[in-house]
Amino acid sequence: MSNRIRARVFVLGDNIDTDQIIPAEHLNLVPTIPEEYRRLGSLALSGLPVGHESYVAAGSEESAYGIIIAGRNFGCGSSREHAPIALGAAGCRAVVAGSYARIFFRNAVATGELYPFESSESLTDEFKTGDEVEIDVESGTLTRLADGRVFPLAPLGAVAPVVAAGGMFGYARAVGMIKAV
Amino acid sequence: MKQTITEKIIARAAGLPSVKPGENVWVDVDVLLTHDVCGPGTIGIFKREFGETARVFDPEKIVILPDHYIFTKDAKAHRNVDILREFAREQKLPYFYDPGTESYCGVCHVALPQQGHVRPGEIIIGTDSHTCSHGAFGAFATGVGNTDAGFVMGAGKILLKVPPTMRFRLDGRKPDYITAKDMILRIIGDIGVDGATYAAMEFCGEAIEALSIDERITLCNMAIEAGGKNGIIAPDAKTLAYVRERTDKPFEIITGDADAPVEASYQYDVSTFEPCVAKPHLPSNYATARASTDVRLDRVYIGSCTGGKLEDFVMAASLLKGRRVACETCLVPATTEVALDLLRTKIEGKSLIEIFAEAGCVDVAPPSCAACLGGPIDTFGRSRDGETVLATTNRNFVGRMGSKEAFVYLASPLTAAASAIRGTITDPRDI
């Protein structure tokens, strides 16, 4: 995970639940099998209502949008770790939400798939899908490239180095908490 | 130091005299639960991180209950059960409830207590958000993802942030048309789907004490729908009677200090409650059944850990006896034990199975999670485009039961039965 993340944003509303992020019919895919990990990426946010813009274009394995901007309670519902994994596999590097459901937040950190940022103010009215932004992980800011406006993000604290190390196990090995296998 | 029941359980498991909300502590895990959807991924992580030949931390503390995609032709679903089977054999796990054998149980959150794996005062971690159900027995029970579970599988411990407690006191005499499902839908309607995020939802009061074990499970089951970290009810004589019938393992009865500080307090008089629904597409979208009688139903679905236990079926049968359903009514007992109970439990001499058959319900399906969460295309009860379903399940997000173009209303088994009889959403008092 790099210190700066520059990408186009995909904007969503409140209460994006894990059934929308990865519908249950795809939970027969096992994330630790590489081919199925990639397939999960192609299905990221395929549960969005009919008529909603697609996060991953048909036939693609990755999204054009490396950052998701969302409202409150992102990732609510089921505990399926397939949810942050599908997003990460699709190329999402960060979510910037008003707030998170706790299991999704914990899973995003444990897997290291994406940075779960919280914005201090609601950003969903400030951006539209396709806008280009840059997140500075260390300083905790999001900059809109079109006009240079800077938005503060809540500090990630202890979470940032865990995600940077690739998740819970990577972090534990990096700091000597457990020995490398 | 005054502590709530949740704080005391966590403190004991952490080997500490006390804990405070917000603290991060390492606790020993008493039970790790997984199933066919998350088990293979959890095992993959366990082997990747601890080694291909690693041994689980304690074979007696791992319970594998396949339940999600069992009665399907889906090849990957079968492959996933094979992965569990192979792992159970390799690790000599005594508690693997193998589909296609006599030991198969069905829905993990109903089978776990039925098989004696839920005891008061313990730490139960499950790769499923409805693990919070087991707080009904006075345990600390919460859902996690594959990575956390893979860690527990090898290490036997987990890092927990101590949740603040929100206390819900429910008093008053419960009318016979009100169920635990109505109570929890009312609470979620009041506080919202993120009203209890990161908190322990503690339920107490005379109406809670009067609830049966099945009803307490229904209540705690939906704590996650308000974002709760866990739901919990102090153990009492009913709890002990149930648990002691199913396990000889010793356990410690832990209760909280009545005057322990809590983050928020809510009081309810259940005698004022009305039968209700959660309208599409959020569990917090509360409305009374009486305000929803214009909704025509294509299907009524009675099943899942939330609404497919014996008492849920007794409630439904009590209304369906001697009547006919007006719309397709699907019944999915949660476990093999519940399925047997449908045969052996009688109302005025008629078994529940007979009552349902004479009412014109679809033949009872084999026990599993079935369509609560949609599942593979051939899943029994899976929702279809344009359909309106009333279900005794726990979630009604877009696409939850299968089709993105279906509408799901959540309700109690009484409201479900009443609605099946009319073919429109119906308050059980109006039958």
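Predicted model: local features only at pLDDT ≥ 70, side-chain atom pairs only at ≥ 80, totals over all residues.
Local features need pLDDT of at least 70 and side-chain atom pairs count only at pLDDT 80 or more, while totals for chains, interfaces and linings use all residues. Residues are numbered from 1 along each chain as its sequence is written, and chains are lettered from A and ligands numbered from 1 in the order in which they are written.

Chain A contributes 35 residues to the contact and chain B contributes 43 residues, where two residues are in contact if their C-beta atoms, placed from the backbone, lie within 7 Å. On the side of chain A that touches chain B, the elements giving two or more residues are α1 (18–21), α4 (102–111) and α6 (168–174) of chain A; helices (H or I, at least four residues) and strands (E, at least two) are DSSP runs, numbered from the N terminus. The most comes from α4(A), with 6 residues. By class, this side of chain A holds 15 nonpolar, 13 polar and 7 charged residues. Here Ala, Val, Leu, Ile, Met, Phe, Trp, Tyr, Cys and Pro count as nonpolar, Asp, Glu, Lys and Arg as charged, and the others, Gly among them, as polar.

Within chain B, two open sheets can be followed strand by strand. One has 4 parallel strands in the order β3-β2-β4-β5, where two strands pair if DSSP finds at least two bridges between them. Its edges are β3 (62–64) and β5 (140–143) of chain B, each with a single partner strand, so one side of each lacks a neighbour in the sheet. The twist from one strand to the next averages 20°. Strand β2 (residues 31–34) of chain B pairs with β3(B) over 3 bridges, and Leu32(B) has Ile62(B) as its bridge partner in β3(B).

The other sheet, also of 4 strands with parallel pairing, runs β9-β8-β7-β10 in chain B. At its edges stand β9 (230–232) and β10 (264–269) of chain B, each with a single partner strand. Strand β8 (residues 200–204) of chain B is joined to β9(B) by 3 bridges; Glu202(B) finds its bridge partner in β9(B) at Ile232(B).

Helix α2 (residues 39–50) of chain B packs on two other helices. With helix α3 (residues 75–91) of chain B, the angle is about 50° and the axes lie 9 Å apart; axes are lines fitted to C-alpha atoms, for helices over the stretch in contact, and angles run from 0 to 180 degrees between N-to-C directions. The residues in contact are Gly39(B), Pro40(B) and Ile43(B) of α2(B) with Asn80(B), Ile83(B), Leu84(B) and Phe87(B) of α3(B). This contact has 5 nonpolar, 2 polar and no charged residues.

With helix α5 (residues 146–155) of chain B, α2(B) packs at about 55°, the axes being 8 Å apart. On the α2(B) side, the contact residues include Gly41(B), Ile45(B) and Phe46(B). The classes here are 5 nonpolar, 6 polar and 1 charged.

Finally, helix α14 (residues 413–422) of chain B is mostly covered, with 9 of its 10 residues buried, that is, with 20 or more other C-beta atoms within 10 Å of their own, C-beta atoms being placed from the backbone. Among them are Pro413(B), Leu414(B) and Ile421(B). Gly423(B), with a positive phi near 85°, follows α14(B).

Notes
Buried ≥ 20, exposed ≤ 12 C-beta atoms within 10 Å, placed from the backbone.
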